[in-house]
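Me: I am new to protein models, and I would like to learn how to read one feature at a time. Could you take me through this one slowly?

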Amino acid sequence: MLAYKFDWSVLWRQPYGEWLLGGIWLTLQLGFLAWIIALVLGIFLGTIRVSPWPWLRFLGTLYVEVFRNVPFLVQLFFWFYAGPMLFGREIQFKINAISGLNYYVAVIGLGLYTASRVAEHVRAGFASIGQGQYQAVLSTGMTHLQMYRYVIIPYALRVIIPPLTTEFLTIFKNSSVAMTIGVAETTFVSYKIDNETFHGLEATTGAMAVYLVLGFAVVKLMGFIENRFRIPGLVSR
């Protein structure tokens with residue numbers, strides 16, 4: 001006979017319900033804000049990786065290799081604990097005194113890490129476009145900058161929506177790592193509820209359900225965007 005006594009009310013009764021809602025709200029903030037950074041920076045990095053200028057390609061490749069090959073947890077610790085030391089003792093104290101520093105570090109760190117992965121998908125999107133299309137666009141009189149701005153980047157983004165869905169989904173899951181620097185997102189709150197109530201099974205199950213619902217919502221949203229911007233003639237889901 002199971003001796004454990006379930007108490008699912010720890011997921012909604014006060015103050016635990018309020019804690020959980022606050023954690024979910026922080027998870028949403030981390031995911032969406034980091035995704036904005038990752039998408040904008042990833043498109044820029046993916047573009048310069050296929051540019052005709054070798055020094056730009058080198059910078060883009062260097063960024064991708066560094067950020068993609070170092071675990072996100074290590075990067076997060078570096079930005080939060082070691083990063084401020086690079087600016088000298090006086091500035092270090094000022095940085096460490098910033099209210100909510102761990103939150104800002106989590107958003108920026110997650111955005112920078114994911115940008116390296118988005119950049120590779122963007123580069124793959126460019127590679128899938130035939131050279132004939134590049135030449136056809138340039139033959140209209142457009143400059144290289146105009147070609148990427150008005151034709152190539154929009155086309156490549158429509159091609160890489162499926163892998164971007166995976167990255168968008170992953171960014172919410174990776175946001176749970178922010179608990180290691182004290183950001184009270186969903187996973188952090190579930191452990192806090194466990195410590196307070198000794199009902200870790202219910203608290204962890206609640207956190208899992210939150211990530212599951214978030215994942216389904218992201219897949220549905222990206223599925224809608226994929227169908228809306230699907231390129232005629234290409235296979236879609």
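The dialogue below goes from the whole chain to single residues.

Me: How far does the predictor's confidence reach along this chain, and what is the mean pLDDT?

Reply: The model is a predicted one, so a careful reader begins with confidence, since where pLDDT is low the predicted coordinates should not be read in detail. In this chain the mean pLDDT is 91, and 97% of the residues reach 70 or more. Among the elements, α1 has the highest mean value, 96, while α6 has the lowest, 86.

Me: What does the secondary structure of the chain come to?

Reply: Counting the elements comes before looking at any one of them, and here the count gives ten helices and zero strands. The C-alpha atoms fill a box of roughly 75 × 50 × 25 Å along the principal axes, and 42% of the 237 residues count as buried. Of the contacts with a separation of 6 or more, 75% are between residues 24 or more positions apart.

Me: Which residues of α2 are buried, and which are exposed on its other side?

Reply: A helix can be read by asking which way its residues face. Helix α2 covers residues 54-69, and its 16 residues reach 22 Å from the first C-alpha to the last, close to the 22 Å expected. Its buried residues are L56, G60, Y63, V64 and F67. Seen down the axis of α2, these residues fall within an arc of 95 degrees, so they line one face of the helix. That buried set packs against α1, α3 and α5, whereas P54, W55, F58 and N69 are exposed on the other side.

Me: How many aromatic pairs does the structure hold, and how do I read one of them?

Reply: For a pair of rings, one looks at the distance between the centres and the angle between the planes. The structure holds 16 aromatic pairs, and one of them, Y134 with Y148, is edge-to-face, with 6.4 Å from centre to centre and 65 degrees between the planes. This pair links distant parts of the chain, as Y134 belongs to α6 and Y148, 14 residues away, belongs to α7. Both Y134 and Y148 are buried. Elsewhere, ring pairs join F32, W35, F168 and F172 into a cluster.

Me: Which charged residues lie over a ring?

Reply: Here one looks at a charged side chain and the face of a ring together. K192 lies over the face of W19, 4.3 Å from the ring centre, and the charged end of R228 sits over the ring of F229, at 5.3 Å from its centre.

Me: Where is L28, and what is it in contact with?

Reply: L28 is in helix α1 and is partly exposed, with a relative accessible area of 23%. Leaving aside neighbours within four places in sequence, L28 is in contact with F172 and L214. The C-alpha atoms of L28 and S175 are separated by 9.0 Å, although these residues are 147 apart along the chain.

Me: What should I notice in the backbone at P15 and at F198?

Reply: Backbone angles are read bond by bond. The peptide bond from Q14 to P15 is cis, with omega near 5 degrees, and P15 is in the segment before α1. At F198, phi is near 60 degrees, a positive value in a residue other than glycine. F198 is in the loop between α9 and α10, and F198 is exposed, with a relative accessible area of 66%.

Methods
Residues numbered from 1 in each chain as written. Predicted model: local features only at pLDDT ≥ 70, side-chain atom pairs only at ≥ 80, totals over all residues. Heavy atoms only, no water. Helix = DSSP H or I, 4+ residues; strand = E, 2+ residues; numbered from the N terminus. Expected span 1.5 Å × (residues − 1). Buried < 20%, exposed > 50% of the residue type's maximum accessible area, 1.4 Å probe, protein only. Arc of directions from axis to C-beta. Contact = heavy atoms within 4.5 Å. Phe/Tyr/Trp six-rings, centres within 6.5 Å; stacked < 30°, edge-to-face > 60°. Lys NZ or Arg CZ within 6 Å of the ring centre and 35° of its normal. pLDDT = per-residue confidence, 0-100.
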